[in-house]
Amino acid sequence: VAASAKCFGAEFTKKPYAFRKKMTHFVKFLFVFNLLFFLGGVITITGLQKEGYFQCNDITVMLGEDIWEHAWARIDGNLKRGALVYSYFNGVYRQNGTHDGRPIYQELRKSDDSYYETKIPA
């Protein structure tokens with residue numbers, strides 16, 4: 001009943017066919033343009049992600065003072081049980097290459113931000 005009031009009974013004149021046809025073409029063009037624009041953006045960003053453009057170069061890790069008493073660790077291919085002290089892994093890690101498309105981070109010295117030397121035991 002409320003929608004049948006006189007103010008809701010406005011009639012709109014129909015636009016000529018030529019105008020409606022032009023608007024239809026314009027809307028289709030706008031849709032295709034937006035589709036191509038956003039699809040191009042997604043393709044560009046995906047390509048940059050695959051190349052590692054958005055990866056972090058340095059990561060700062062602060063794990064706290066917790067200790068996991070009965071942790072399992074694989075050392076030299078053998079499973080061993082012991083305490084895992086999280087604070088031992090605090091520090092700055094820098095990306096040093098990739099493996100299967102994933103970044104490899106290597107721990108830096110806390111004194112001068114250089115890589116630790118690999119020493120081979122005698």
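## Basis of the model

This is a predicted model, in which local features need pLDDT of at least 70 and side-chain atom pairs count only at pLDDT 80 or more, while totals for chains, interfaces and linings use all residues. Residues are numbered from 1 along each chain as its sequence is written, and side-chain values use heavy atoms, with hydrogens and water left out.

## The open sheet

Strands β1, β4 and β5, in the order β1-β4-β5, form an open sheet of 3 strands with antiparallel pairing. The edge strands, each of which pairs on one side only, are β1 (58-61) and β5 (102-107). On average, and with direction ignored, neighbouring strands of this sheet are turned by 40° against each other; the axes behind such angles are lines fitted to C-alpha atoms, for helices over the stretch in contact, and angles run from 0 to 180 degrees between N-to-C directions. Strands here are DSSP runs of E with at least two residues, helices are runs of H or I with at least four, and both are numbered from the N terminus, whereas two strands pair if DSSP finds at least two bridges between them.

Between β1 and strand β4 (residues 91-99) the antiparallel pairing extends over 4 bridges, and T60 has V92 in β4 as its bridge partner.

Strand β2 (residues 67-75) holds A71, and β2 is joined by 7 bridges to strand β3 (residues 78-85), the two running antiparallel. The bridge partner of A71 in β3 is G82. A71 counts as buried because its relative accessibility is 5%, where buried means under 20% relative accessible area, exposed over 50%, and partly exposed in between (1.4 Å probe, protein chains only). Once neighbours within four places in sequence are left aside, A71 is in contact (heavy atoms within 4.5 Å) with K80, R81, G82 and L84. The C-alpha atoms of A71 and L84 are 6.1 Å apart, although the two residues are separated by 13 residues in sequence.

The hairpin of β2 and β3 has 2 residues between the strands, and D76 lies in this loop. D76 is counted as exposed because its relative accessibility is 74%.

Most residues other than glycine have a negative phi. Against that background, D76 has a phi near 55°, a positive value in a residue other than glycine, and D113 likewise has a positive phi near 55°. D113 counts as partly exposed because its relative accessibility is 42%.

N90 is placed in the loop between β3 and β4 and is buried because its relative accessible area is 15%. Leaving aside neighbours within four places in sequence, the contacts of N90 are V61, M62, L63, G64, E107 and K110.

## Salt bridges

Side chains of opposite charge can pair when their charged atoms come close. The structure holds 3 salt bridges, each defined by a side-chain nitrogen of Lys or Arg within 4 Å of a carboxyl oxygen of Asp or Glu. One of them joins R94 to D58, with the closest N and O atoms 2.9 Å apart; this pair links distant parts of the chain, as R94 is in strand β4 and D58 in strand β1, 36 residues apart. R94 is partly exposed because its relative accessibility is 27%, and D58 is partly exposed because its relative accessible area is 39%.

E107 and K110 meet through their side chains in a salt bridge at 3.2 Å, N to O, and K110 is exposed because its relative accessible area is 56%. R109 forms a salt bridge with E117, where the closest N and O atoms are 3.8 Å apart. R109 counts as partly exposed because its relative accessibility is 27%, while E117 is exposed because its relative accessible area is 57%.

## The nonpolar patch

F19, M23, F26, V27, F29, L30, F33, F37 and F38 make a nonpolar surface patch of about 950 Å². Patches are made of residues with over 30% relative accessible area and no salt bridge, with like charges joined within 9 Å and nonpolar side chains (Val, Leu, Ile, Met, Phe, Trp, Tyr) within 5 Å; accessible areas come from the Shrake-Rupley method with a 1.4 Å probe, and for residues only the protein chains shown count as cover. F37 lies in helix α1 (residues 17-50) and counts as exposed because its relative accessibility is 52%.
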